[in-house]
Amino acid sequence: QYGFVHCAWADMVITNHGADMWQRILKDSGIELGGGNFLIHKMYSDEDTNKLMLTTSRLLSMDLATCMESYGGFFYKYCLESGYDRVLKVLGNNLLDFLCNLDALHDHFDSAYPGMRAPSFRCNPTESGGLLLHYYSERTGLYPMVIGIVKSVAKGLFDTDVIIEPLNKLKAEDVPLVCSGPKTKRCVTLSIREESPLGLSTRKRNLPLSVKTFCKAFPFHVMFNRSLEIIQAGLSLLRILQPRASDERKPHFCDIFSVVRPIMDFGFNAVLGHINTVFVVETRDTSTERKSLRLKGQMIFVPESDAILFLCSPRVSNVDDMKTRGLSLSDIPVHDSTRDLILVTQARKHERELVEKLEETSDNLKKLQTRLQDDKQRTDELLHSILPSNVADKLRLNQPVEAEKFDLVSILFSDIVGFTAMCGDEKVVPIDIVRMLNRLYTQFDMLSSLNSVYKVETIGDAYMVVGGLPTPSDRHADNVVSMAFGMILVSKTVLSPVNGDSIQIRIGVHSGPCVAGVVGQKMPRYCLFGNSVTIASKMESCSRPGKVNISEHAKRWRIANGRSCVFNILCYSHLTNPDCYCFEENTTQSDQVPWKSFFISQTTCSPRPLTMDLSLPVPRGMFRTPNPTPPGSLQTTPCASPKDIPSPAFTPGYTNHSQRKV
């Protein structure tokens, strides 16, 4: 059933009993609409219709037949309000003509509601002045609706009150409300009586036309006698079908055509019983070159010849359909509206193709817009990964980025012990060096996020972070030292490609003022400048493997401000507390460094550094290499223990960390 039937049912319940009762019916019937309504042009199962009728009858305490008859009367009014009033009012001049033309109306609606399993009606007058309505449907249990519809039509269109009684009322157990099995239609005959007899026309008209003129004027017609032998046919139909009539007998109607609508046992008397019904027949053409041809028209009894005239028109959708069936526009007479219908359909076909192309183009544009948004998001993420968020936002808006001065920040430098010797080993493949650095720096990047410090850049084996910028923070030194201890732990999980042992790093930390800004337009970088950068680099150069070397200035600042060197926000302890941290003066530093420095370490009561779970797999970062290790790597080269080569001394006066090594 199309949703039009269910919408009418909902309107009836809401109008007569309120919206709450309709929601109750939906809930008890188990139909889920998600807060919406039935859709007019969507098909729903007959089971849903059955549930609605049974639930409505039960909740309203009404007999099922009475409930359906009431719905039938409301359905006619709903059709009038839905815009079908004009076509219903011109369907017939009396009740007989109206009922006889219902099949034609359903056939017309077949294009707007494809797949509609409409019932079929045949109406005959009786000698007493009444009518016999034969109702054919797969759902014969719904005949009370037909009674309600016919009563409303008789009263609304012809101002007549009628009494309708079923003559062959089927038992409820024999006829289900809905039929989910084979599509076989059963018949229910209804007797219609009214106070005044229906006016029926019985006049005969004689047309003074010759057979040749008639066949030319109506090129699509077939006339057959009581034996169903074809005795006359239109010129266009003869040309298309080319029946092979033998000398013994004339061609039989059922040998050439099969009846599509109405469903009936085709015969002369059966056709007389459906004389006012729209007939649709299809040719039994066995030729593979042409498709079968459908003809739609009306059966007319010709008493002068005691024959039946099937006056019809071909059913084709467009010009291409005509071509495949061997038709042309000249075959269709000018007075036949089928010619105009074909041309209009052909014009709408091009419009439909344009609409489909427009929809496809709009869909492609929407997909492109979605991909553009994804690319823009990835671009923003990449930009924010190499520049601070506030700086990246200004560059994206093409705004100038002014250099900023920060009064106090903490800067950290680290490098790998023996990295130069590792790179110079003849048995180490360069790809193994890249893999090692990628694994190490990927974990360092995660640590920088955990400890709320900003990664400035990496140069070779050097890794630089800063705390207190671009967003100032009072805990910048605490975060940087926490980062340093985490880096020491992480470095123990990364193996050297030379001998397979854990690598060692040395770290230097210094606190002081600096200037930060964006340098360059092509591949811009966020750089730090100032003497604090040089001192932090020298603190790293004077450090030892596996140690964190902190400058005296940083240590004094931390003591003066009373900041806690804690790496867990739930626990606070003071740097100067010997129970938590130990400071060992660095006596091996170069004479070029006039400041004291200290190796800071943790004691047993120190809080655990804020690091990630080292048992979890580490992301591979943006670097991608084949899984197998190339020849000459750690698995295939002999193990060797390179000697640590001390880092080169710094040239005094360098303030740009990008020039920290020669």
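View 1. The unreviewed UniProt entry annotates residues 348-378 as a "coiled-coil region"; UniProt positions follow the numbering used here, feature names are shortened, and annotations may be inferred rather than shown by experiment. Helices (H or I, at least four residues) and strands (E, at least two) are DSSP runs, numbered from the N terminus.

A word on reading these views: this is a predicted model, in which local features need pLDDT of at least 70 and side-chain atom pairs count only at pLDDT 80 or more, while totals for chains, interfaces and linings use all residues. Residues are numbered from 1 along each chain as its sequence is written, and side-chain values use heavy atoms, with hydrogens and water left out.

**View 2. The whole protein, for orientation.** Here you can pick out 19 helices and 18 strands. Of the 662 residues, 44% are buried; buried means under 20% relative accessible area, exposed means over 50%, and partly exposed is in between (1.4 Å probe, protein chains only). The protein exposes about 36,100 Å², with 53% of it supplied by carbon and sulfur atoms; these areas come from the Shrake-Rupley method with a 1.4 Å probe, and for residues only the protein chains shown count as cover. Among contacts (heavy atoms within 4.5 Å) with a separation of 6 or more, 65% join residues 24 or more positions apart.

View 3. Rolling a probe the size of a water molecule over the atoms shows where empty space is left. Searching the whole structure turns up seven cavities of 30 Å³ or more. On a 1 Å grid over the protein atoms alone, a cavity is a set of points where a 1.4 Å probe fits but cannot get out, and lining residues have an atom within 4 Å of a point. The largest cavity holds about 880 Å³ of space; grid points are joined across faces, edges and corners, and a volume is the space filled by probe spheres set on the points. Its lining has 33 residues, and Val-5, Phe-75, His-106, Pro-119 and Ile-149 lie nearest the centre. At least two lining residues each come from helix 1 (3-17), helix 4 (64-89), helix 6 (102-109), strand 2 and helix 7 (143-158). Helix 4 gives the largest share, six residues.

View 4. His-134 sits in strand 2 (residues 131-137). Is His-134 buried or exposed? His-134 counts as buried because its relative accessibility is 11%. Leaving aside residues up to four places away in sequence, His-134 touches Ser-120, Phe-121, Arg-122, Asn-124, Cys-187, Val-188 and Thr-189. With Thr-189 there is also a side-chain to side-chain polar contact at 3.1 Å. A polar contact is a pair of N or O atoms within 3.5 Å; within protein, one must be able to donate a hydrogen and the other to accept it, and residues adjacent in sequence count only if both atoms are side-chain atoms.

**View 5. Backbone spots to check.** Most residues other than glycine have a negative phi, and most peptide bonds are trans. The peptide bond from Arg-261 to Pro-262 is cis, with omega near 0°, and Pro-262 belongs to the loop between strand 7 (257-261) and helix 11 (268-273). Leu-469 to Pro-470 is also a cis peptide bond with omega near 0°; Pro-470 is in the loop between strand 13 (462-467) and helix 17 (476-491). Ser-61, not a glycine, has a positive phi of about 55°. Ser-61 lies in the loop between helix 3 (46-59) and helix 4 and is exposed, at 69% relative accessible area. Asp-306, also not a glycine, has a positive phi of about 50°. The loop between strand 9 (294-302) and strand 10 (307-314) holds Asp-306, which is partly exposed at 32% relative accessibility.

View 6. Glu-404 lies in strand 11 (residues 404-416) and is partly exposed, with a relative accessible area of 33%. Which residues does Glu-404 touch, not counting residues up to four places away in sequence? They are Cys-514, Val-515, Ala-516 and Tyr-526. Glu-404 and Gly-517 are 113 residues apart along the chain, yet their C-alpha atoms are separated by 6.3 Å.

Definitions and conventions. 1 Å grid on protein atoms, 1.4 Å probe; cavity = no way out; pocket = protein on both sides within 12 Å on 5 of 7 lines; lining within 4 Å.
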